[in-house]
Amino acid sequence: MRKEKIIIFDTTLRDGEQAPGATMNLEEKLLIAKHLEKMGVDVIEAGFPAASEGDFLAVAEIAKNIKNSAICALARAKKNDIEKAAAAIKLSPKPKIHTFIATSPIHMEFKLKMDKNQILSAITDSVGLARNFCLDVDWSPEDATRSEIDFLFKAIETAIKAGANTINIADTVGYMMPQEYYDLIAKIKNNVSNIDKAVISTHCHNDLGLAVANSLAAIKAGARQVECTINGIGERAGNAALEEIVMALKTRQDFYNIDSNIDTKMISRISKLVSNVTGFPIQYNKAIVGANAFAHESGIHQDGMLKNRNTYEIMTPAAIGLDKSLLVFGKHSGRAAFFDHLKNIGYELSEEMLEQTFKQFKDLADRKKDITDDDIIALVDDSLTNKKSHYQLISLNVNCSTNSKAAIEIKIQIDSQEVTANFISKDGPVDAIFNAIKKLIPHKASLELYQLHGVTEGTDALATATVRLKANNQIFSANASNTDILVASALAYINCLDKLNY
Ligand code: KIV
Ligand code: ZN
């Protein structure tokens, strides 16, 4: 039987970015968009242009640079939103507008204060306007899964009549059970008179931990587009995780008989990139991309694996790009081999970035015996996401012991000027470092998160520090990796202030 194709609609840069703390800047969004394109994502929802000037510019830049994936912009059912969305995506060879309005009684009565007739005419007007700008229009009934079913049918029919070619059944609050969502999709197929003119899409939130299960149930019932995000990031508990859906379809082709255009070998790489950019660590036991996803601990399992991998492994690590060439490089590795290896693990860097990363790699090789792909990825992501630095750490001296307060001296270059500060803290060296930096770069932001994690095992491992700051209701995150956790912490704080101030 011929395999059908699923349309992978990635909303990491829109719904994913709505996760508290996941704000990304334009360069980071573009970097992720380029990886999504390379991975074969069919549609990239790049943002919500009416939300802010920054969102508009990011969507426009992505639309200008991405050629193979469709670029989608989100818009409420409002003239200004739709015009802004259309303007932002106008340079994309494959532009798409995603417009939505809620159809559930609770949203209509309390949030929108609109009755059914008003909703239906807003659908006709908004979808019609979006169609005037581009042929590809995705329409979502927000909170579809808590809507009255007959009204939902009518709303979908109206949207298709007005020109929508994708109907995205949003489980906005993650309320559905898989069987229920399957039945809903099946009912839509059987009851909406013009549904054959549109693709049915899923958009599932993970409030009850069912986003992926619901998306897969919908696919089984006939949905042919799935909206999802890398690592499942998104509002509240997040969205359906792209990597889980894609690998479920691939591993269980016998059950779904559906293909995607995704190059699954890029999954691990892009998952780490999104985690590094947002500062959201990946749960150790997360399906597909967690550090333990392919680790076998118990003796019985290890024994089985040695005899035949299929005893305990339903997918290979290589399928998601984890080839496990653990030892890769050391201090004697040459430039050409290093550049070649970067290419193999999915990086195409400018000359300047290659040189910068090679220098960092050599510095690391002086301190650490074996360098793994994870180390290299942490270094490169660090350089890529902290490119335009106005602040440079020049030196850090730390003095601390069990019997005295921590005393530090830090020297920073601010643009071209070098400045120094000292601080003594009873709460340890990190507190002293952050306070000294604050003396040099005064600000009113609050520290929302400071965390450290080891990139690999061992006491000489690179550590990644993440700092999240909140100012004027906006959240900024930054990372830095170093074998010295105090240096990593200072750098992450400085990088975050750089983002906050520029
Ligand atoms: O969750 C939701 O309802 C959304 C809509 C914009 C589709 O993200
Ligand atoms: Zn959503």
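## Terms and model

Contact means heavy atoms within 4.5 Å. Helices (H or I, at least four residues) and strands (E, at least two) are DSSP runs, numbered from the N terminus.

This is a predicted model, in which local features need pLDDT of at least 70 and side-chain atom pairs count only at pLDDT 80 or more, while totals for chains, interfaces and linings use all residues. Residues are numbered from 1 along each chain as its sequence is written, chains are lettered from A and ligands numbered from 1 in the order in which they are written, and side-chain values use heavy atoms, with hydrogens and water left out.

## Helix H13

H13 spans residues 335-344. Its buried residues (under 20% relative accessible area, 1.4 Å probe, protein chains only) are Phe338, Phe339, His341 and Leu342. Seen down the helix axis, they fall within an arc of 160° (taken from the directions from the axis to the C-beta atoms), so they line one face of H13. These buried residues pack against helix H14 (351-367) and helix H15 (373-385).

The face turned away carries Ala336, Lys343 and Asn344. These three are exposed (over 50%; partly exposed lies in between). Glycine 346 follows H13, with a positive phi near 100°.

## H13 against H14

The two helices pack at about 110°, with axes 11 Å apart. Axes are lines fitted to C-alpha atoms, for helices over the stretch in contact, and angles run from 0 to 180 degrees between N-to-C directions. H13 is therefore roughly perpendicular to H14 (65 to 115 degrees; under 35 is roughly parallel, over 145 roughly antiparallel, the rest oblique).

Arg335, Phe338, Phe339 and Leu342 of H13 meet Leu354, Glu355, Thr357, Phe358 and Phe361 of H14.

## H8 against H9

Helix H8 (residues 211-221) and helix H9 (residues 242-251) cross at roughly 45°, their axes coming within 10 Å. That makes H8 oblique to H9. H8 contributes Val212, Ser215, Leu216 and Ile219 to the contact, and H9 contributes Glu244, Ile245, Ala248 and Leu249.

## Zinc site

The zinc ion (ligand 2) has three protein donors: Asp15 (OD), His203 (NE2) and His205 (NE2), lying 2.0 to 2.1 Å from it. Donors are N, O and S atoms within 2.8 Å of the metal (3.2 Å for Na, K and Ca); water is not among the atoms, so sites may look incomplete. Along the chain the spacing is D-x187-H-x1-H.

Aspartate 15 and histidine 203 link distant parts of the chain, 188 residues apart. Aspartate 15 sits in the loop between strand E2 (7-10) and helix H1 (26-39), and histidine 203 in strand E8 (residues 199-204). Aspartate 15 is buried at 2% relative accessible area. Histidine 203 is buried at 5%.
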